[in-house]
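Here is a briefing on one protein chain. Please look over its sequence and model before reading on.

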Amino acid sequence: MAARYRSSRHPPPRHEHSHPIPYPNLEMPLQVSGSQYEPLAWSNVAGWSADDHLAAYKAFRTSCKPIAAQQGAPADSKALGSSLRDPCRIAKGLALSDGVKAKDFFEQNFVPLRISRLGEDAGFVTGYYEPVLDGSRTQTDVYNVPVYRRPSNLFVRGKTQNSVGLPNGGAVYRKIGRRKLVPYYDRGQIEDGAIAGRGLEICWLKSQTDLLFAQIQGSARIKLEDGITLRINYDAHNGYPYTPVGRVLIDRGIIPKDQMSMQKIREWMEQNPDGAKDLRRQNRSFVFFREVPLSDKDEAVGAQGVPLTPGRSIAVDKALHVYGTPFFIAGELPIESEQSKTPFHRLMIAQDTGSAIVGPARADLYFGAGAEAGKVSGRLRHNMQFVMLVPRGLDPVARGHKLPLPDERPSAKIAKLFPQTEPPKDKPAAKAADVPTAGIARSAVKDSGNSAARNPAAKDVAPATPAATTPVAQAAPVAEPVPLPVARPDIPQPEKRRFRRYRHYRDQ
């Protein structure tokens, strides 16, 4: 009881830094790593009104099926988070058949933001497709290149062998025994037979070039000898980063950059078998596939787990963006021919990803299956404008009004009195008395002139010759030293009264 009494009479001292911080700890309106964005009005989105919004709406509803069924917070934090659930739940009950109504849906539920990589004014697009290749279920003299499924000794932390579709980036290990983990085999080792004879072959293709292009695209349709079409999709990779073979050919001066396309790569590899072998092994990444129960009429399934829509689906950087996000991509693309500049203003839906798709304004446009889709997608390497559609619940303009304003910038006079210059790091800072600057010399002459104006007798005195400026001073001017403030005077403090403490005892 005495201790409780003393604690009530003498509360603990307050900390010196208990004052509130100058700004409240508020969340920024929208944060996409490494990006810059600009809010737009719908009337300022070039080509928006001319697009087929109904086609985009149908692709968006396809993405909304898994989004609307989500519960709780998302597993990983991204800029949009779970904000797509609200427009998806609205779209779930709207089976629109009119392009005008579809356009109104996007305008009422989203706000447009022009987005690009920090310091750049445009994004970058490429194209991809689903190859149609000839193959066989058994190995023959013609079909002797195996298409492998995921090996049982391939290990990714946090995943099990029952996981469908392992991440397309990150570390991948080969399990030896029960505990030892080593890097998995690279492309060259696998081509040389490191995993051959283990029953991992799904089917057999004619050439390693066919397999390479199927791995780059992430899926393929295999036309078997009996007329059946086998559908394969990405399932895992061996843990090595993807190296574009086209970039290797450009760096070696084999194919000019302005002529680079998938057709050019295929032609060169077919004409140079030995060089093609070395070229493939420059890309140490290797992709494993799985069979998918799809018919010829079904489109390939993207990383979101929904069928892709030719001309409306894109692959994006899944580390930054959420599947189902609409992107309006505008510019000119060589779609009709290699030299054509076809206007392209189209609302696309993020439904896929790829290891080479990195950045806030980077997309791979899906064009469907077959040779014609391969020709179009193979010649796309172009800068385009990206407008990301953000759900209205995350409107950065409305949320930005809640952020506090920063302190006012100091006036020009204050900035001049307290210059924010630093001496060079590679040279020792010179003393101001030893290395006068040209600015200080001019200031001294100006001051002497003003002194002469105030004192006529000073006119007869010759002005002092300014000291020669040394090379160090020319390279890095040293600012005038700022005098320290005058010390505060000692103010006598009144003596504190001492109180005698009395100990209280409980009556016996």
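The model is predicted. The protein chain has 14 helices and 17 strands. Of its 508 residues, 38% are buried.

**Whole chain**

- The accessible surface of the protein chain comes to about 31700 Å². Carbon and sulfur atoms account for 52% of that surface.
- Take the contacts between residues at least 6 apart in sequence: 78% of them join residues at least 24 apart.
- The count of salt bridges in the model comes to 20.

**Strand 1 to strand 2: E38 and R114**

- R114 and E38 form a salt bridge through their side chains, with an N to O distance of 2.8 Å.
- This pair links distant parts of the chain. E38 sits in strand 1 (residues 35–39) and R114 in strand 2 (residues 110–117).
- The two residues are 76 residues apart along the chain, yet their C-alpha atoms are separated by 5.1 Å.
- The E38 and R114 side chains are also joined by a polar contact of 2.8 Å.
- E38 touches P112, L113 and R114, leaving aside residues up to four places away in sequence.
- Both partners are partly exposed: E38 has a relative accessible area of 40%, and R114 has 28%.

**Helix 5 to helix 9: E191 and R281**

- A salt bridge joins the side chains of E191 and R281, at 3.7 Å from N to O.
- E191 lies in helix 5 (residues 187–191) and R281 in helix 9 (residues 273–282), so the pair ties together parts 90 residues apart in sequence.
- Is E191 buried or exposed? E191 is buried, because its relative accessible area of 18% falls under the 20% cut-off.
- R281 is partly exposed, with a relative accessible area of 26%.

**Within helix 8: R266 and E270**

- R266 forms a salt bridge with E270, and their closest N and O atoms are 3.9 Å apart.
- Both residues lie in helix 8 (residues 262–271). They are four residues apart, about one turn of the helix.
- R266 is partly exposed at a relative accessible area of 22%.
- E270 counts as exposed, because its relative accessibility of 53% is over the 50% cut-off.

**Helix 6: an enclosed helix**

- How many of the 10 residues of helix 6 are buried? Nine of them are, so helix 6 (residues 208–217) is largely enclosed by the rest of the structure.
- The buried residues in helix 6 are Q208, T209, D210, L211, L212, F213, A214, Q215 and Q217.
- Just after helix 6, G218 takes a positive phi of about 90°.

**R379: buried, with no salt bridge**

- R379 lies in the loop between helix 10 (371–378) and strand 17 (381–391).
- R379 is buried but has no salt bridge.
- Which side chain of opposite charge is nearest to R379? The nearest is E338, 5.0 Å away. R379 and E338 therefore do not count as a salt bridge, as the cut-off is 4 Å.
- The R379 side chain does reach a backbone atom: the oxygen of P334 is at 2.6 Å.
- R379 touches S261, P334, I335, E336, S337 and E338, not counting residues up to four places away in sequence.

**A nonpolar surface patch**

- Which residues form a nonpolar patch on the surface? I414, L417 and F418 do, with about 280 Å² of accessible area together.
- F418 is found in the loop between helix 12 (412–417) and helix 13 (438–454).
- F418 counts as partly exposed, at 42% relative accessibility. This is over the 30% relative accessible area needed for a patch residue.

Key. Residues are numbered from 1 along each chain as its sequence is written. This is a predicted model: local features need pLDDT of at least 70, side-chain atom pairs count only at pLDDT 80 or more; totals for chains, interfaces and linings use all residues. Side-chain values use heavy atoms; hydrogens and water are left out. Helices (H or I, at least four residues) and strands (E, at least two) are DSSP runs, numbered from the N terminus. Buried means under 20% relative accessible area, exposed over 50%, partly exposed in between (1.4 Å probe, protein chains only). Lys and Arg count as positive and Asp and Glu as negative; His and the chain ends are not counted. A polar contact is a pair of N or O atoms within 3.5 Å; within protein, one must be able to donate a hydrogen and the other to accept it, and residues adjacent in sequence count only if both atoms are side-chain atoms. Contact means heavy atoms within 4.5 Å. Patches are made of residues with over 30% relative accessible area and no salt bridge: like charges are joined within 9 Å, nonpolar side chains (Val, Leu, Ile, Met, Phe, Trp, Tyr) within 5 Å. Accessible areas come from the Shrake-Rupley method with a 1.4 Å probe; for residues, only the protein chains shown count as cover.
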